[in-house]
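Open the model in a viewer and keep the sequence panel beside it. The stops below go from the whole chain to one side chain.

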Amino acid sequence: MARDMSDKEILKMELEQLKKEVSTPRTPVSANCAETIAFVEGQMPNDPLIKGVPDDKNPYKGDKGGCVVT
């Protein structure tokens, strides 16, 4: 696409993009990290990777046979 455009058109496109980016609200990384940590810690009680899955709801638990390769 850029090969079909003149240098002036490319610069105009870049200027339009920069105008959009300058109006984007910014927050400090430290604030975003604090929000992310709070969210993850809030989800921990329901996280099966941390809490585990109850045996009665685990389809892979128990002796259901298996595969024997001979």
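Predicted model: local features only at pLDDT ≥ 70, side-chain atom pairs only at ≥ 80, totals over all residues.

Residues are numbered from 1 along each chain as its sequence is written, and side-chain values use heavy atoms, with hydrogens and water left out.

**Whole chain.** Select everything and colour by secondary structure. The chain has three helices and zero strands, in the order α-α-α along the sequence; helices (H or I, at least four residues) and strands (E, at least two) are DSSP runs, numbered from the N terminus. The radius of gyration is 26 Å, well over the 11 Å that the globule rule gives for 70 residues, so the chain is more spread out than a compact globule. That radius is taken over C-alpha atoms, and the rule is 2.2 Å times the number of residues to the power 0.38. Along the principal axes, the C-alpha atoms fill a box of roughly 70 × 45 × 15 Å.

**Burial.** Of the 70 residues, 1% count as buried, meaning under 20% relative accessible area, with exposed over 50% and partly exposed in between (1.4 Å probe, protein chains only).

**Helix α2.** Select 29–43 for α2, then 48–51 for α3. F39 lies in helix α2 and is exposed, with a relative accessible area of 54%.

**The patch.** Which helices each supply at least two residues of the nonpolar patch? They are α2 and α3. Select F39, V40, M44, L49 and I50 to show this patch of about 560 Å². Accessible areas come from the Shrake-Rupley method with a 1.4 Å probe; for residues, only the protein chains shown count as cover.

Key
Patch = residues over 30% accessible without salt bridge, like charges linked within 9 Å, V, L, I, M, F, W, Y side chains within 5 Å. Salt bridge = Lys/Arg side-chain N within 4 Å of Asp/Glu carboxyl O.
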